[in-house]
Amino acid sequence: MQILMIPEIGHYALVIAMLMAAVQGVLPLAGAATRRPLWMAYARPMAAGQLLFVAIAYACLTASYMLDDFSVTNVANNSNSMLPWYYKLSAVWGNHEGSVLLWSLLLAAWGYFASRFSRELPRDMVARVLGVLGLVGTGFLAFVLVTSNPFERLLPNVPGDGADLNPLLQDIGLIMHPPMLYMGYVGFSVVFAFAIAALLGGRLDAAWARWARPWTNLAWAFLTVGIALGSWWAYYELGWGGWWFWDPVENASLLPWLTGTALMHSLAVTEKRGAFKSWTLLLAIFTFSLSLLGTFLVRSGVLTSVHAFANDPSRGQFILMLLGITVGLSLLVFALRAPRVGHKVGFTWLSRDALLLINNILLVIMTITVLMGTVYPLLLDALDLGKISVGPPYFNALFVPLTLLLALFMGLGQVARWKQTPVSLLVSRLWLAAVGAVVLGAALPLLFAERWSPAVAIGLIAALWIVLPMLRDLFEKARNASSVGAGLKKLSLAYWGMQLGHLGVAVTIVGVAVVSNYSIEQNVRMAPGDSVEVAGYTFTMNELSSRQGANFLADRANISVQHGDSSRSFAMNPEKRLYLATRMPMSQVALRPGFLRDLYVAMGEDLGDGSWALRVQYKPFVRWLWLGGLLMAFGGVLAVADKRYRRLATARDPEARAAPAPGREASA
Amino acid sequence: MALMRLSRLLTTALVLLLVAGLAQAAAIEVREFDDPVLEERYRDLTASLRCPTCQNQAINDSDAPVSGDMRDRVYRLLMDGRADIEIRNHMVERFGDYVLYNPRLEGRTYLLWGLPAVLGLLGLVLVGLLVRARRNASNRELSAEERARLDALINRERTE
Amino acid sequence: MNRRLILLLPLAGFLALAVFLYQGLSLNPFHRESALMAREFPAFDLATLKEPERRVDRDLLTTGELTLVNVWGEWCPECKREMPQLLDLAERHDIRLVGISWKDTREKALGFLEEFGDPFEVNIFDPDNELAFELGVYGAPETFLVDGDGVIRYHHTGYIAPGDVTETILPEVEQWR
């Protein structure tokens, strides 16, 4: 067994990174407070250095995995020499220690990029933003070093081979899901830092909002993709066709997403109208705080969840301390420094301002509802009032109506203008869309399903009510230009981004409504030669066989599927596997994905008489769930590519910003 | 161009969304129902009762032995013609409130169920107050002054 | 000033949540009190393990004597580990023990008693999970303390470690005797 120095190098690199983060956290903030340019100038080099050394540490851990260095506890517990190289790569973040290291790496990376793309910002602003990021980074690196060191060694009794990665995690979905999710969580640290910097510097204007918007959109887009990937992974890996379980860990990712969505909209008002300033700051603080809270819930073991990491009380305490300091201090700064007098911008009921306000309030109610439902069992337990569970029935009962309400205002928002909108305009632009949404939404379920479902009709009406006014708006914009092409071309990327994001919401609503109400699931007993019909598809079991995989034994069913009277058929091959190392039985589901429906066959138990229990499912429109998520994320990114941000971001000369405009502090 | 790169990314992601994988072993049982309504009720009940030993799974979703026992009992009670509420209470009497995913409305859950309603009302009042206040606020183009400052900031980059 | 107070609200809300989260750290989410606590031991009518013809019912537990009812199975490794503690409770502390032989075959269950000792006055044979389900048992071993009137007074989930005997079982027994 090779005893390489690599883990020690990684460990030292981590220590250096933490020290650099601490310097980045202290000096620039102090410099900004006392106006010392030299101190402030530490921010950028330290951000770069922090990233470099965390990256070295991360590379070292990855190297230990690739080299099968089982003298490293973390590698011995989570890898195996037989594991394919790409799973070794992803096994690095398939455990608590490695995933916190990834968290820190991504945090350092966001900090670095914030330092790179902030040339046009005043120097004190940069110093404060990076300072706050440095403090957060220090906290997390200390967390890694003190409680979750991935470089600990198993010496001198080095195991011959590793315990292997949990088979559930040996999967493409799990390779991509955590990095995306963390990119989102961590990304919100940038807008958080912007908010704290604004509070400290007393500078909060349209320019501030314009700087903060792209960062918010990017983080939000990553989080959206992360959540969608998680749902998709659960669908085929955990869920038996379920795609959202309202598990505490899922809720933990939804919470910052909801406030992040509110933040994007509130930033729009702050930029365009100079209103809602304190509110925007508060949302920025909340969004990152909820990301941290999610981390706490997942890693402390206070809630029972299917996804929770193996826990250790000292870790819970440390994260809670981090959470307390970060959130407590920032809320204190908020309470002391939030703008005393709001900008009194006038608007009426029928204005974009008012609709965005309603959007924010709805999203915040959703957030509090989900948060309450998630921690309520814990609250009761702490008060010694017994153990209860809060699950899907509760969340669905509250979340669905709130979402529909949100959709109602999204439709109105397409037409509404800032400040005020004439009622006549609203009516003339929307009546057709309203009629169309109701008629089409009510009629469409009849076209593709045997049974009319009111829930699906309502879902479709909501989705159409989002999409039809959007089309109407595009039509209006194209009509007023010299040609359709010219009219559409003139629209900004930010506009397209917004529309795409809203379209994504509509697509997801359709997916949720249809798959929740028109799915068909049948548990059947099948022996070779038997067939069963589900939703117009005939499933025939041809034969049962067994095979030996690399590290498992499997029973395999060969099933051919025919649609209606069509002569063409396709094969589906579900397997029931037994993983030899862990003795874990796993079911390899057979999926036949499609734009309009998925077919899903899973093998259950051997019923003894040559037949097996099988679960056959027909899942209409299930892909729309995730397609909608991708569209939303794409929209968010598209808006970042808008000209007005690019102009800010591509400033070339790094020294151009050397002299800060005098009197900026005084203008606050 | 960024746009093309993005759309390529989107396509790749979509393709990746079409791959199949593994699932944890869960119980698949074949049960006979004469009445589709009963079957539907069975599905709803087993989806809203929580497995007492698992991390966080409904009994229809878990292969823990106790989940199987509970499903058997739900099935038997349904066949006996019991109402949903009776079946839920039957489980609560034996396993406690913990097994209900839909908590009952009682003293200790008033806050849980009431909070969203209270928040909704508060929100309504808040919107009402804000809009009333803002309607009377000066309607001058407030952003003009800020816009000037913003433009100055952006332009400075180019003029400098 | 008033507005500043409003601005402090988020902080206050967060601090309240943090207190609960802190308390949550010391709670065990898996520890749950039995739903049958302070309620009557459920009615049953089952055969005994050793004498298949002999049937026992609730009267077994309303004799005025305090009883520890232990749910066990031959297939359960923790049950084997706790046998010495149960023997100790029966022999040294003179506590009446009744077993529920759960989800076993008679043959295996008897073999288990032969190998690991038999602290039980009688074993209720429950192969089909009839009584254990009524008790809300979700895993063996589980132990119920039943007072002389047949009311459940204490419930222990899982393995009874040697330390549990002196720390929880004996004090509970003293309290309800």
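Which pattern does chain C follow, read along the sequence? The answer is α-β-β-β-α-β-α-β-α-β-β-α.

Before we go on, some ground rules. This is a predicted model, in which local features need pLDDT of at least 70 and side-chain atom pairs count only at pLDDT 80 or more, while totals for chains, interfaces and linings use all residues. Residues are numbered from 1 along each chain as its sequence is written, and chains are lettered from A and ligands numbered from 1 in the order in which they are written.

**Stop 1: chain C**

Keep chain C selected and colour by secondary structure: there are five helices and seven strands. Helices (H or I, at least four residues) and strands (E, at least two) are DSSP runs, numbered from the N terminus.

Of the 177 residues in chain C, 34% count as buried. Buried means 20 or more other C-beta atoms within 10 Å of the residue's own, exposed means 12 or fewer, and partly exposed is in between, with C-beta atoms placed from the backbone.

Now pick Pro141(C), in the loop between helix H4 (130-134) and strand E6 (142-146) of chain C. The peptide bond joining Ala140(C) and Pro141(C) is cis, with omega about -5°. Then go to Asp94(C), in the loop between helix H2 (77-91) and strand E4 (96-102) of chain C. Asp94(C) is not a glycine, yet has a positive phi of about 60°. Asp94(C) counts as exposed because it has 8 C-beta neighbours inside 10 Å.

**Stop 2: chain B**

Select residues 110-131 of chain B, which an unreviewed UniProt entry annotates as "transmembrane region". UniProt positions are given in the numbering used here, feature names are shortened, and annotations may be inferred rather than shown by experiment. The span is 100% helix and 0% strand, and its end C-alpha atoms lie 31 Å apart.

Colour chain B by domain next: domain 1 is 24-99 and domain 2 is 106-136. Domain bounds come from an automatic or database domain assignment. The centres of these two domains of chain B, taken over C-alpha atoms, are 37 Å apart.

**Stop 3: chain A**

How many helices and strands does chain A have? Chain A has 20 helices and ten strands. Its radius of gyration is 27 Å, close to the 26 Å that the globule rule gives for 668 residues, so chain A is as compact as a globular protein of that length. Buried residues make up 58% of the 668 residues in chain A.

Four domains are assigned in chain A: domain 1 (1-170), domain 2 (210-323 + 332-393), domain 3 (395-519 + 627-634) and domain 4 (520-623). Show domains 2 and 3 of chain A together: 26 residues of domain 2 are in contact with 23 residues of domain 3. Contact means that two C-beta atoms, placed from the backbone, lie within 7 Å. On the domain 2 side of this meeting in chain A, H13(A) gives the most, with eleven residues.

Follow the chain to Asp384(A), in the loop between H13 and H14 of chain A. Asp384(A) has a positive phi of about 60°, although it is not a glycine. Asp384(A) is exposed because 8 other C-beta atoms lie within 10 Å.

**Stop 4: the cores**

Last, look inside. A nonpolar core is a set of buried Ala, Val, Leu, Ile, Met, Phe, Trp, Tyr and Cys residues joined through C-beta atoms within 7 Å. The largest one has 248 residues, and Phe194(A) and Val601(A) have the most contacts inside it. Helix H9 (residues 206-237) of chain A brings the largest share of this core, 22 residues. A second, separate core of 52 residues includes Leu45(B), Leu49(C), Leu89(C) and Tyr154(C).

To finish, centre on Val601(A): leaving aside neighbours within four places in sequence, its contacts include Phe539(A), Ile559(A), Met572(A) and Leu614(A).

Note on methods:
The radius of gyration is taken over C-alpha atoms; the globule rule is 2.2 Å times the number of residues to the power 0.38.
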